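Please look through the structure below before reading on.

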Amino acid sequence: MLPSILFALAAAVTTPLVGASPTPTTSSGTSMRLSRRSLFPDDATEDDIKSKLSSMGAGLKSKYGAYTGADSITSSSKRRGIGENKLINQNADTSYFGTIAIGTPAKSFNVILDTGSADLWVASSKCITGCGSVPTFDSSESSSFKNLSTAFTIKYGSGGAAGSLGSDTVQMAGFGVAGQTLGAVTQVTQKLLQSPVSGLMGLAFSTLSTSRSMPFWQTLASTNAWTEPLMAFHLTRFTGVSGASKLEVGGSFDMGFTNSSLYTGDISYVDIPNGSESFWQIPLTQITVQGTNLNAASTILAVIDTGTTLIGGPSSSIAAIYSNIPGAQQAGADYEGYWEYPCDTAIDISLKFGDGPSWPISQSDFQLARIGNGACLGALFELDLTGSSSPDWIIGDTFLKNVYSVFRYNPASVGFANLSDTALAIASLDAPLPSASIGSGSIISGGDPVRLWVPTFSLVFALVLGVLAALP
């Protein structure tokens, strides 16, 4: 906290958008599209597939195994606006990314959107490991950047990143937050970032934040910058599509509203258990496979994670699922944790959360890879997490491509709806990729949005003289 009105006014002149805590801004909604790539490229060898699958399981244990607790979340009721962020599908459904803008002047960066973590980071211009040819953030070029002089390290399912923390103005789809904490990383696990992606934006709750900061989305939701306190995803499918490029149209990330053109029927919400607002985790109550219902206790929680490609669950549950698929068996030591089944078997599988309906997973999404001799790997794999507060299941894009998914801040819950024909038609090989968009916003203050007021030097000088004259 600044000690006097003099320092406060001086700070307002020199760093007009940076505050002690993030400050939200908003403007008319703009569009940002996602891109995507193939999980296993055409030239991938058997060893490439084994290595990739092994790292997925080990990385998820690191990402989810050490979590220890969560705090409750509150919010207020004023409402502001909406925004749409168009996505790109990278490497045949491996990941989905959108564009944000950082700094003053604003510079755009592509970031993976991850509901399974809560921190924002981008590759620094000082990166020495794992950044390759990806675009990097040079903090010296931003007049609003503040070095927080704090080390930053984070681990994910597919690797990790390390560097230092800073704060800067961050914008996305017409919304902006001043003083947003972010990691400027100098070391990244090899292949975690693949151009044109420069970083990752976490979309889970602040209680999960490694940097102990408020995530971008939560600042907007908690200050009622959005018309509705929620965000939603539509993710496209290009798995198995002949002629698909490494980057394809990825769907959309909707902020502050649900796009009724992308789904049909009602959105079925399932509440996050009280006090568990950390991950977006909800009860997984039933899995139906080949007509057999496998019921789970109401205490079994599943994290809904846009940043995870597959679906991981307890080994006993995974074994029960594949036991209902004729000819299925464990894939062996080379594919530890994975199961194989005859590729010509029609798979009928669906997931039920809470008291909601069952949501089917398409065969295209269930079939992960062909491994020879008519055998295919399934996209559900064994993931035994340790820790008293670790989740039981991780539900990734294998499932989320089949629904319109909604992440609601208040009341804290996750909702699903059936995709519309309009949504399904978006996954077209001929569709142009979205371009980066940088929206300038206005500071939200109480009621209606107002432009940030910055005092002139003459006004500051006059105030200083007034204060000095009043001193005894």
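Leaving aside its neighbours within four places in sequence, which residues is F416 in contact with? In this predicted model, F416 touches D266, I267, S268, I282, I304, F353, W359, F399, L400, V403, Y404 and S405. The residue F416 also belongs to the largest nonpolar core, where it is listed with M201, F353 and F399 as having the most contacts inside that core. In soluble globular proteins, nonpolar side chains tend to be buried together.

| Core | Size | Residues named |
|---|---|---|
| Largest nonpolar core | 86 residues | M201, F353, F399 and F416 (most contacts inside it) |

Turning to the strands, an open sheet is built from four of them in the order β18-β19-β23-β22, and their pairing is antiparallel. Because β18 (329–330) and β22 (367–372) stand at the edges with a single partner strand each, one side of each has no neighbour in the sheet. The partner strand β23 (residues 375–378) is joined to β22 over four bridges in the antiparallel sense, and within this pair G372 lies opposite A375 of β23.

For the protein as a whole, there are eight helices and 28 strands, and 53% of the 472 residues are buried. Of the contacts between residues at least 6 apart in sequence, 76% join residues at least 24 apart. The accessible surface comes to about 19,500 Å², and carbon and sulfur atoms account for 51% of that surface.

How values were computed. Residues numbered from 1 in each chain as written. Predicted model: local features only at pLDDT ≥ 70, side-chain atom pairs only at ≥ 80, totals over all residues. Heavy atoms only, no water. Core = buried A, V, L, I, M, F, W, Y, C linked by side-chain atoms within 4.5 Å. Buried < 20%, exposed > 50% of the residue type's maximum accessible area, 1.4 Å probe, protein only. Contact = heavy atoms within 4.5 Å. Pairing = 2+ DSSP bridges. Helix = DSSP H or I, 4+ residues; strand = E, 2+ residues; numbered from the N terminus. Areas by Shrake-Rupley, 256 points an atom, 1.4 Å probe, with all protein chains shown as cover.
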